[in-house]
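Subject: Structure handover

Hello,

Here is the structure for you to look through. My notes follow below.

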Amino acid sequence: FVKWESAGLPELVEGETYCFQNIVTDEYQGRYSVSLNSATVVEPSETTVSAAAEGVTIGGTIVDVQEGSGLIKRCPEADCTRVLSGGRCAEHGAVEGEFDLRIKAVVDDGSRSINAIFDAEATAAVSGLSMEEAQAMAMDALDTGVVVDALIERVLGQPCRLTGPVVGEYFLVDDVASGPTDEDLSSDQLDPAVTARQPTRRMLAQEINASTHTFQESEEERAPVLSLSPTGVAVNRVLIVGALTEARDVGSSTEYWRGRIYAGSEPVFVYAGQYQPEAMQFLQQAATPSYVAVVGKLRPYEAGDRVNVAIEPESIVTVDEGVREAWLTEAVDQTRARIAEFERGAARSAAAAEHYGGDIGPIEEAATEAATELGLKDSSPSGRSEGPSR
């Protein structure tokens, strides 16, 4: 905290407990602080306060890079680290500002997602992009937006192991290790940082293409339209990683691009038009074949006398074979878990059986085939394991 001498506040003694009223909150590189001024009231308190946990180690995949990421500018005044808006600090007015680099991300493990902040050091560790490189990139383009684009290309779909504390509504990343991990997001310490987003499912193509029935959980006007999978789970977003084998314009009067991606042994189609400009641009320029990661929403549509399912991409980037293998392992594990829940009669199993007839054999076979490709143990349906097999 910062306590201004001119504010006439009482001296604070280490080890004592106080109640602060009318304080200014602030954040710098994922670290939160408060500033005490002449409007602040400080009173001794008898309330017992437990120190915040040092941190927790978690595992998940970066599925979204949010607004406020990239190169930002902060107030350079002493003890003030506010993010500038339009070149102005809320307290010090128009200032030159100092560059900082960060990622505000959504990290997801397929069951739930959290808000996370990567400071400059953690951003460099997960993306390989340093502060100096980011500044040079923005200077060359005369646009800081290119830094955000570069970060999305480098981190979307990346599995990682993260360590840090939860402060407010954010998990603050202190340490990063890229690659598959046995950790997840189940820790109770993460509860304040959990988002309201539906989990981003890891699903093989067979299950995606079969999820033709949609529903809404409430009658509210803006309630999301969810797909019901044959294994009985609600699906909003999915993360797929696979081989992009075709990208072409299938529009008539306007450009409308289609990508064919093998997510397992069967293809999934993604479509992008004027309302998905970044995804459409990617498909326009994409090399085939190449491994790509896609985060998007399922969109069933009628095609003659049948219903097909496509993905409306929110983000799509090129990845390497390691990311694809990590995703395929997750998809197999989570598909097996959904099948087991379906067989135990989980919440939406009856509805799924009613709409799809209860035959999940093709999905089981797809998981077995993918597990065999990866060399996972217990790849037969009768030999499913409780946890990840790597």
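Helices (H or I, at least four residues) and strands (E, at least two) are DSSP runs, numbered from the N terminus. This is a predicted model: local features need pLDDT of at least 70, side-chain atom pairs count only at pLDDT 80 or more, and totals for chains, interfaces and linings use all residues. Residues are numbered from 1 along each chain as its sequence is written, and side-chain values use heavy atoms, without hydrogens and water.

Start with Thr61. Thr61 sits in strand 6 (residues 56–65). Thr61 is buried, at 2% relative accessible area (buried means under 20%, with a 1.4 Å probe and protein chains only). Beyond four places in sequence, its contacts (heavy atoms within 4.5 Å) include Val106, Asp108, Arg202 and Glu330.

Next, the cores. A nonpolar core is a set of buried Ala, Val, Leu, Ile, Met, Phe, Trp, Tyr and Cys residues joined through side-chain atoms within 4.5 Å. The largest has 43 residues. Ile240 is among those with the most contacts inside it. Leaving out residues up to four places away in sequence, Ile240 touches Ile208, Val294, Ile311 and Trp327, among others. A second, separate core has 30 residues, including Val65 and Ile114.

Last, a pocket. The second largest pocket has a lining of 15 residues. Asp149, Ile152, Glu153, Glu278 and Ile316 lie nearest its centre. Helix 3 (145–155), helix 5 (277–285) and strand 24 (306–318) each give two or more residues to that lining. (A pocket is an open set of points on a 1 Å grid over the protein atoms alone, where a 1.4 Å probe fits, with protein on both sides within 12 Å along at least five of seven lines; lining residues have an atom within 4 Å of a point.)

Best wishes

Methods. Buried < 20%, exposed > 50% of the residue type's maximum accessible area, 1.4 Å probe, protein only.
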